[in-house]
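Dear colleague,

My notes on it follow.

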Amino acid sequence: MKPVIAISLGDFNGIGPEIALRCHDQIKQSCTPLYFTNYKIIQQAANILKVQVPEDLEVEYVKGDFIIKPGKVSKKSGAFSFRSFQKAVEFTASGICDALVTLPVHKEAWMKANIPYKGHTDYLRKRFKKEAIMMLGCDKLFVALFTEHVPLKKVPGLIEKKRLTQFLIDFYHETTPAKPVAVLGLNPHAGDGGVLGDEERIIKKAIDKANEAIKQEIFFGPVVPDVAFTSNFRKKLSHIVAMYHDQGLAPLKALYFDESINVSLNLPILRTSVDHGTAFDIAYKKMANTTSYLNAVQYAISHLR
């Protein structure tokens, strides 16, 4: 029997519906996708795209009725995308669906709709009361983020030995990497021995403590951040831990933007997502790249517990 994959379609003013409709015939070969929306809204999206809604497209009803406005930030679309995601999470948590794949939401639209979360991972962390780990990438390289959607000025204060140690231990148990994992320093040149900052001393202590706990020398560093993504260095590893969002994702997306995905680790459910946003500038123009979505679906299927 094929696994049932919950599909949350994201913000309907963005590229999510186009990607889902275009890929349905392909992903149904390896899973049974269940789309969290309603027929009226998905038909409206199909009409704008001038395509047919597949006859075998299975929909789990989500309340909502609004006019799709391609490329526009909308309170109603934001609220609908959250309800779709929230219901898909519950179906996955209850075992009705085997895994969850999400298409992109718009954080400003969530804010306009008074949704008190900064994104998917923030909600999942609070829903399951677990320290979810955000990992992005592809088979060539995955990057885990120690801090995510926080202002850069707050990052140094969040680098604490106990918290980082537990993050590394949890990350190891979730991924069991076969190769050593590079842990990046925070400062330029990884602090240059304290000349450019001393957060690296905390990072080093956390690395040592994590390796001691797992009884393996898996983690190494702090690694100079501007070296970690060079081609020769990447040959040695499959995973990197970055201290903050742009430190890890700017180089990752420069290398593997189209094919990368987002995986939520350390949760009781399996959730994957595309590694891109709503792309309002190309919404409903039939220009969306589907590679990340297809990879996210395939990762979910291949990593079912």
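A crossing of two helices is called left-handed if the near helix is turned anticlockwise from the far one by less than a right angle, and right-handed if clockwise. Helices (H or I, at least four residues) and strands (E, at least two) are DSSP runs, numbered from the N terminus.

The model is predicted: local features need pLDDT of at least 70, side-chain atom pairs count only at pLDDT 80 or more, and totals for chains, interfaces and linings use all residues. Residues are numbered from 1 along each chain as its sequence is written, and side-chain values use heavy atoms, with hydrogens and water left out.

Helix α7 (residues 161-175) crosses helix α8 (residues 199-214) in the right-handed sense. Their axes, which are lines fitted to C-alpha atoms over the stretch in contact, lie 8 Å apart at an angle of about 45 degrees, on a scale from 0 to 180 degrees between N-to-C directions. The two helices are therefore oblique to each other (under 35 degrees is roughly parallel, over 145 roughly antiparallel, 65 to 115 roughly perpendicular, and the rest oblique).

H239 of β9 stands opposite F142, while I240 is the bridge partner of A182.

Yours sincerely

Methods: Pairing = 2+ DSSP bridges.
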